[in-house]
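Please read the following report alongside the sequence and the coordinates. It is written for a reader who wants each term tied to its cut-off.

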Amino acid sequence: MLALQALIIALCTWYAATACPMWLRWSVYFGAPLVAGLVNGLLLGNLTYGLSVGATVMMAYIGMVAIGGSLPSDYALAGYLGVAMTMLSGADPSVGLTIAVPLGLLGLLSFNVKMSLNSIWVHKADQYAAEGNARGVVAMNLFASQIFPFITYAIPSFLCVYFGSSALETLMSAIPTQITSILALAGHLIPALGLAMLMGVLYNAALVPFFAIGFTLAAYLNLGTMPIAIIGAAAGILHLIYTSKNGANVLDGLAFKEDEITDSSDETVQKNKHLSKKTLRKSWFAWQSWGQICYNYERMMGLGFCHCMVPVLEELYPDDKDAMAAGLERHLAYFNTENTWGSIIPGIMAAMEEERANGADIDDDMENNLKTALMGPMAGIGDSVTQSLVKVVLLSIAIGLAAQGSALGPILLLVLFSLYALGVGYFCYNAGYKFGKNAVTKLLSGGLVKQLTEGLGAMGMMVLGCLVATVIPIACPLSFELSTGTLVIQDILDTILPKILPLIAFLLTYRFIKKGIKPTTVIIFMFIFAAIFSLAGILS
């Protein structure tokens with residue numbers, strides 16, 4: 001039975017780390033600990049325990065943002081393997097963080113191996129492109145790219161679970177109570193690091209009051225994440241209305257007028273070739289699903305971008321092998337952006353390829369320069385909105401539900417994030433195709449992005465305040481026997497400000513992060529701090 005469980009966990013780890021579609025990656029990978037709590041809870045026969053471990057481990061990663069191919073930790077190994085190992089050892093959920101975090105850091109070795117060796121398949125794709133072999137290019141992106149990740153993710157994960165779980169269980173049972181208490185306190189403190197990193201992303205002086213409101217609602221009224229998120233959404237809308245000159249209407253910013261539509265081709269060019277809706281949908285879905293599956297340090301998403309252009313090139317040049325080869329070669333260039341909002345770029349390229357096939361004066365330099373110019377701004381928008389705001393809000397809601405033992409938390413994360421990624425990606429791709437580069441100009445002008453990020457930021461800050469009050473479960477167990485009765489220190493602290501210790505831990509951690517101290521160094525300090533204060537009986 002353990003062999004089967006180890007195999008399923010290994011396959012889940014590999015799938016989440018590298019094989020899942022990009023639109024699902026936001027929840028399955030970046031929400032790995034939480035989703036792993038559901039999967040492992042069902043697999044190991046203890047759903048409540050699994051959800052509790054997953055929610056606890058997720059808190060260390062909620063504020064981590066992956067920018068430009070750089071990861072602070074490997075979410076798949078920290079999540080799927082970390083949660084599984086914690087459950088199999090029977091450890092307390094808070095101790096699970098001390099198991100998952102080192103696994104996540106070690107997992108960066110697997111990530112770096114994948115990113116380095118995947119370049120092999122890009123060079124093989126170059127050969128296929130020169131031959132005009134589109135199927136060969138697609139095969140390199142979809143299938144060959146999974147050889148090394150399977151070796152570096154699935155096999156070690158299987159071996160860890162199959163051979164390491166019993167050893168870990170024996171080790172955990174042999175550890176003295178004092179050490180277990182230190183590990184538990186460290187596990188209670190580590191979520192403060194994730195939240196501090198999140199504050200570093202969300203911080204805006206004008207939005208700090210929303211943080212205070214969220215903290216107060218959770219600390220004094222014991223409101224959960226869901227109601228505070230709803231209140232935060234309303235507060236975000238009010239913030240937009242009262243901070244905009246003429247009131248906020250972000251939908252107006254998304255409306256393109258007919259006179260804004262421009263054609264990149266010469267008006268004398270007669271269109272004989274026109275891309276079908278079916279081809280555009282195939283191109284969009286290939287990008288949205290497989291644009292990052294062969295991610296590598298040499299070309300980043302270049303092979304995935306070429307893959308999504310294959311349906312476009314096949315329809316425009318069905319019998320022209322040379323034109324097909326030239327198209328494949330020009331789209332194998334370096335490319336890297338955020339995959340949802342960045343969908344506007346392959347949409348624009350599809351329109352330019354169509355114009356080019358109809359005789360417009362468009363060359364390789366024009367297409368490559370436009371891609372290069374747009375990928376940075378669209379990544380900036382996507383990372384700000386998707387990673388720093390949407391991800392945070394959805395994860396916060398899901399964590400709150402999972403911590404209460406509800407499987408609805410990770411399920412909502414999977415469904416809502418998928419709807420967001422697919423919806424935004426589809427809109428942006430079609431906007432790019434229909435309106436060309438004017439779509440980007442429209443998107444960046446008029447303060448639309450600023451309105452969206454500030455409104456979501458207000459909601460995010462309220463949820464952050466709620467999380468500080470609810471997911472850093474440290475307390476002072478000190479008490480003194482007096483002639484008048486027992487003096488409980490925690491009761492005195494609660495009269496000053498409920499949840500004051502979690503707030504202090506968060507603010508101190510945020511101060512360290514603002515000073516540029518590395519997260520790994522902060523974690524080391526947390527273990528030292530936990531050892532001192534746990535052994536002294538001051539904190540638990």
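## Basis and overall make-up

This is a predicted model, in which local features need pLDDT of at least 70 and side-chain atom pairs count only at pLDDT 80 or more, while totals for chains, interfaces and linings use all residues. Residues are numbered from 1 along each chain as its sequence is written, and side-chain values use heavy atoms, with hydrogens and water left out.

The secondary structure of the protein comprises 24 helices and two strands, where helices (H or I, at least four residues) and strands (E, at least two) are DSSP runs numbered from the N terminus. Of the 540 residues, 57% count as buried; buried means under 20% relative accessible area, exposed means over 50%, and partly exposed lies in between, with a 1.4 Å probe and protein chains only. Among the contacts in the protein with a separation of 6 or more, 83% come from residues 24 or more positions apart, contact meaning heavy atoms within 4.5 Å.

## Two helix pairs

Two packed helices are described by the angle between their axes and the distance between the axes. Here the axes are lines fitted to C-alpha atoms, for helices over the stretch in contact, and angles run from 0 to 180 degrees between N-to-C directions. Helix α1 (residues 2-19) and helix α3 (residues 32-43) have axes that come within 11 Å and cross at roughly 165°. That makes α1 roughly antiparallel to α3, since angles over 145 degrees count as roughly antiparallel, under 35 as roughly parallel, 65 to 115 as roughly perpendicular and the rest as oblique. The crossing of α1 and α3 is right-handed; a crossing is right-handed if the near helix is turned clockwise from the far one by less than a right angle, and left-handed if anticlockwise. On the α1 side, Gln5, Ile8, Ile9 and Cys12 meet Val39, Asn40 and Leu43 of α3. By class, this contact of α1 with α3 has five nonpolar, two polar and no charged residues, where Ala, Val, Leu, Ile, Met, Phe, Trp, Tyr, Cys and Pro count as nonpolar, Asp, Glu, Lys and Arg as charged, and the others, Gly among them, as polar.

For helix α8 (residues 134-142) and helix α15 (residues 302-316), the axes come within 9 Å and cross at roughly 150°, and the crossing is left-handed. Ala134, Val137, Val138, Met140, Asn141 and Leu142 of α8 meet Leu303, Gly304, Cys306, His307, Val310 and Glu314 of α15. The contact of α8 with α15 has eight nonpolar, three polar and one charged residues. His307, which lies in α15, is buried at a relative accessible area of 7%, and among the residues it touches beyond four places in sequence are Ala286 and Trp290.

## The largest nonpolar core

A nonpolar core is a set of buried Ala, Val, Leu, Ile, Met, Phe, Trp, Tyr and Cys residues joined through side-chain atoms within 4.5 Å. The largest one has 175 residues, of which Leu34, Tyr61, Leu195, Leu328, Leu464, Val468 and Ile472 touch the most other members. Helix α18 (residues 364-403) gives the most to this core, with 17 residues. Leaving aside neighbours within four places in sequence, Leu34 is in contact with residues including Gly54, Met58, Leu395, Ile399 and Leu413.

## Buried positions in helices

Gly104 is found in helix α6 (residues 93-117) and is buried, with a relative accessible area of 0%. Its C-alpha atom is separated by 4.6 Å from that of Asp74, 30 residues apart along the chain, and beyond four places in sequence Gly104 touches Tyr61, Ser73, Asp74 and Ala78.

Thr18, in helix α1, counts as buried at 4% relative accessibility. Not counting residues up to four places away in sequence, Thr18 touches Arg25, Lys114, Gln146, Pro149 and Ile293.

## Positive phi in two loops

Most residues other than glycine have a negative phi. Met300, however, has a positive phi of about 55°; this residue sits in the loop between α14 (277-290) and α15 and counts as buried at 6% relative accessibility. Lys499 has a positive phi near 65° and is placed in the loop between α22 (489-496) and α23 (500-514), where Lys499 counts as partly exposed at 35% relative accessibility.
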